[in-house]
Amino acid sequence: MAEARAVVANKPAWVDLSSSDAAASRDFYGNLFGWQIDVSPDPQYGGYGVARVDGKDVAGIGPKQSAEAPTAWSVYIGTSDAEDVAGKVEAAGGKVIAPPFEVGDQGRMAVFQDPSGAFISAWQPKAMAGFQTSAPNTFGWAELSARGIDKAIPFYSAVFGWTAKTSEMGEGAPPYTEFQLGGQSIAGGMEMNPMAPAEVPSYWTVYCAVEDVDASFAQATGAGAREMLAPQDFPGGRFAILTDPQGAVFGLLKMRAG
């Protein structure tokens with residue numbers, strides 16, 4: 001497991017969906033992305049299902065753990081020491097929402113809130129290392145929409161060692177920050193659109209890498225998803241953002257070759 005830990009350290013290692021209707025979510029994403037989703041029969045995992053592409057683990061889908069929680073995707077950052085991360089979170093001005101705890105024999109997890117209010121989790125692998133493939137229809141990108149990106153950037157630097165590469169996006173658009181580790185861009189972030197309703201908190205969006213954004217968008221909306229941002233080009237490729245039938249935000253992404 002030492003090798004697996006080294007691979008995921010301080011980078012996105014896993015994503016999962018907490019859903020108000022896990023069975024319906026499994027059907028939606030299974031059909032959209034071709035995921036084979038197997039629900040653990042072990043009651044300690046609470047109906048958690050692991051999605052696979054060609055037999056490789058790519059994401060999780062499970063029922064919400066509390067009635068008041070929204071249906072939402074979560075991003076997990078890999079670590080070899082969840083307790084150490086929790087300490088850094090508090091020192092950097094974040095909140096520890098769920099201190100590190102065991103997830104059966106799979107690993108240890110913890111849930112935090114950054115200074116902008118967005119939730120982010122940590123994953124310390126044991127039996128389950130995290131993503132097993134980067135094939136199409138698997139995790140492609142994670143992006144922070146923050147009310148106060150200036151508070152979030154130094155937080156992620158202190159906790160995970162990320163550096164920030166910020167680019168201007170043109171008149172009327174907020175600058176875009178690429179979070180980098182060792183010179184590699186591993187996630188993104190920007191100031192939340194001022195048109196967003198005041199009750200919408202800062203949040204991370206999970207993007208799935210697909211072969212054809214427009215085709216996947218049409219399939220998703222045909223299956224009950226709602227458009228947030230229609231398919232459009234950006235300097236690195238093409239993307240779209242939707243809410244699934246249970247209300248979770250997710251994105252579609254196709255990076256330009258080369």
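## Leu 253 and strand 16

Leu 253 is part of strand 16, which spans residues 249–255; helices (H or I, at least four residues) and strands (E, at least two) are DSSP runs, numbered from the N terminus. With a relative accessible area of 7%, Leu 253 is buried, where buried means under 20% relative accessible area, exposed over 50%, and partly exposed in between (1.4 Å probe, protein chains only). Leaving aside residues up to four places away in sequence, Leu 253 touches Gly 140, Trp 141, Tyr 207, Cys 208, Ala 209, Val 210, Val 213, Phe 234, Arg 238 and Phe 239; contact means heavy atoms within 4.5 Å. Between the C-alpha atoms of Leu 253 and Gln 65, which are 188 residues apart along the chain, the separation is 29 Å.

## Basis of the model

The structure is a predicted model, in which local features need pLDDT of at least 70 and side-chain atom pairs count only at pLDDT 80 or more, while totals for chains, interfaces and linings use all residues. Residues are numbered from 1 along each chain as its sequence is written, and side-chain values use heavy atoms, with hydrogens and water left out.

## Overall architecture

The chain contains five helices and 16 strands. Its radius of gyration is 17 Å, close to the 18 Å that the globule rule gives for 258 residues, so the chain is as compact as a globular protein of that length. The radius is taken over C-alpha atoms, and the globule rule is 2.2 Å times the number of residues to the power 0.38. Along the principal axes, the C-alpha atoms fill a box of roughly 50 × 45 × 40 Å.

Of the 258 residues in the chain, 44% are buried. Among contacts between residues at least 6 apart in sequence, 57% join residues at least 24 apart. The chain exposes about 12,100 Å², of which carbon and sulfur atoms supply 53%; accessible areas come from the Shrake-Rupley method with a 1.4 Å probe, and for residues only the protein chains shown count as cover. The mean positions of the 17 positive and 29 negative charges are 2 Å apart. Lys and Arg count as positive and Asp and Glu as negative, with His and the chain ends not counted; each charge is placed at NZ of Lys, CZ of Arg, CG of Asp or CD of Glu.

## Nonpolar cores

The largest nonpolar core has 52 residues, and Trp 35, Trp 73, Tyr 156, Trp 204 and Phe 250 touch the most other members. Helix 4 (residues 149–160) contributes the largest share of this core, six residues. A nonpolar core is a set of buried Ala, Val, Leu, Ile, Met, Phe, Trp, Tyr and Cys residues joined through side-chain atoms within 4.5 Å.

Beyond residues up to four places away in sequence, the contacts of Trp 35 are Tyr 29, Gly 30, Ala 51, Arg 52, Val 53, Val 58, Ala 59, Ile 61, Trp 73, Asn 137 and Cys 208.

Pro 12 lies in strand 1 and is buried, at 12% relative accessible area. With residues up to four places away in sequence not counted, Pro 12 touches Val 75, Tyr 76, Ile 77, Phe 131, Phe 139 and Ile 186. Gly 49 belongs to strand 3 (residues 49–53) and is buried with a relative accessible area of 0%. Gly 49 and Gly 62, 13 residues apart in sequence, are 5.9 Å apart in space, C-alpha to C-alpha.

Trp 141, in strand 9, counts as buried at 17% relative accessibility. Among the residues that Trp 141 touches are Tyr 176, Ile 186, Thr 205, Tyr 207 and Leu 253. The C-alpha atoms of Trp 141 and Gly 224, 83 residues apart along the chain, are separated by 23 Å.

## Backbone at two asparagines

Most residues other than glycine have a negative phi. Asn 10, although not a glycine, has a positive phi of about 65°. Asn 10 is located in the loop between helix 1 (2–8) and strand 1 (12–19), and counts as partly exposed at 24% relative accessibility. Asn 137, likewise not a glycine, has a positive phi of about 70° and lies in the loop between strand 8 (119–125) and strand 9 (138–146). Asn 137 is also one of the residues touched by Trp 35.
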